[in-house]
Amino acid sequence: MATTPTLTAERILEATEEVLRRHGPAKATVVDVARALGVSHGSVYRHFATKAALREAVTERWLDRTALLLADIVIRDMDPRERLRAWLTALFEAKREKAGADPELFATFSVLAEEASAAVDRHLTDLTTQLTTIVRAGIDAGVFIADLDAAETATALFQATGRFHDPAYARYWVEPGIEGEFAAVVELLLRGVTAGAAA
């Protein structure tokens, strides 16, 4: 006789993502998630006290995939200019991949992100903290302008590239020439932070 896998928070989140993909955020329910797992909805509530908590957790899990990918770039041993370029490029590519590979789920998570403001705030803080680390490394190496405030500069860089990672602009990410536009913006930003203005 086959044994049922232990119900874990991770299994619930995986099932929730699939239910959201099938039904969308308006129609997906905790009962649907429980049904997909073959358990009672009470079992789901033992891990996530409310539907809102479940939706916030699945949104955070989705956002964390991008943050983890980018965290690897932050610790790479490379010129800070190239590390900054690589980080911004990876962010753009990750967001564009999510929007293009699974547009229904991307649209669903865009809706959920508006509800799960705490998860989004944590995600944005995580990303700007990663950028701050890169900027500070560039300042310490004498590559970036010495009197830059690392945190303020990271926030400015993040905001200046918003068109290439904010889901509100997703419809533009498939337009011809978008890669060239992105490269031009990144080059301009690198020149702006680089000591001696030579990126």
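The largest cavity is lined by Thr-16, Val-19, Leu-20, Ala-28, Thr-29, Val-30, Val-33, Lys-51, Leu-54 and Arg-55. Helix 1 (9–27), helix 2 (30–37) and helix 4 are the elements that give two or more residues to this lining. Helices here are DSSP runs (H or I, at least four residues), numbered from the N terminus. By class, the cavity lining divides into six nonpolar, two polar and two charged residues. Ala, Val, Leu, Ile, Met, Phe, Trp, Tyr, Cys and Pro count as nonpolar, Asp, Glu, Lys and Arg as charged, and the others, Gly among them, as polar.

The model is predicted: local features need pLDDT of at least 70 and side-chain atom pairs count only at pLDDT 80 or more, while totals for chains, interfaces and linings use all residues. Residues are numbered from 1 along each chain as its sequence is written, and side-chain values use heavy atoms, with hydrogens and water left out.

The space in the largest cavity is about 70 Å³, and a search of the whole structure finds one cavity of 30 Å³ or more. On a 1 Å grid over the protein atoms alone, a cavity is a set of points where a 1.4 Å probe fits but cannot get out; a pocket is an open set with protein on both sides within 12 Å along at least five of seven lines; lining residues have an atom within 4 Å of a point. Grid points are joined across faces, edges and corners, and a volume is the space filled by probe spheres set on the points.

The largest pocket holds about 400 Å³ of space. Its lining has 19 residues, and Val-120, Leu-124, His-165, Asp-166 and Pro-167 lie nearest the centre. Two or more lining residues come from each of helix 4 (51–74), helix 6 (103–115), helix 7 (117–140) and helix 8 (150–160). Helix 6 gives the most, with five residues. The pocket lining has eleven nonpolar, five polar and three charged residues.

Thr-108 counts as buried, at 5% relative accessibility; buried means under 20% relative accessible area, exposed over 50%, and partly exposed in between (1.4 Å probe, protein chains only). Leaving out residues up to four places away in sequence, Thr-108 touches Leu-20, Gly-24 and Pro-25, where contact means heavy atoms within 4.5 Å.

Helix 8 has the buried residues Ala-150, Thr-153, Ala-154, Leu-157 and Phe-158. Seen down the helix axis, these residues fall within an arc of 135°, so they line one face of helix 8. The arc is that of the directions from the helix axis to the C-beta atoms. The buried residues of helix 8 pack against helix 5, helix 7 and helix 9, while Glu-152 and Gln-159 are exposed on the other side of helix 8.

Next come the charged pairs. Side chains of opposite charge can pair when their charged atoms come close. The structure holds 15 salt bridges, each a side-chain nitrogen of Lys or Arg within 4 Å of a carboxyl oxygen of Asp or Glu. In one of them, the side chains of Asp-32 and Arg-35 meet at 3.1 Å, N to O. Asp-32 and Arg-35 are three residues apart in helix 2, and therefore about one helical turn separates them. An α-helix has 3.6 residues a turn, so residues three or four places apart point the same way. Asp-32 is buried at 14% relative accessibility, whereas Arg-35 is exposed at 57%.

Arg-85 and Glu-187 form another salt bridge, with the closest N and O atoms 3.3 Å apart. This pair links distant parts of the chain: Arg-85 is in helix 5 (residues 80–101) and Glu-187 is in helix 9 (residues 178–193), 102 residues apart. Glu-187 also forms a salt bridge with Arg-191, the closest N and O atoms being 3.5 Å apart. Glu-187 and Arg-191 both lie in helix 9, four residues apart, about one turn of the helix. Arg-85 is partly exposed, with a relative accessible area of 25%; Glu-187 is partly exposed at 24%, and Arg-191 is partly exposed at 41%. Elsewhere, a network of salt bridges links Glu-10, Glu-14, Glu-17, Arg-61 and Arg-65.

Gly-38 lies in the loop between helix 2 and helix 3 (41–47) and is exposed at 66% relative accessibility. The C-alpha atoms of Gly-38 and Leu-7 are separated by 9.9 Å, with the two residues 31 residues apart along the chain.
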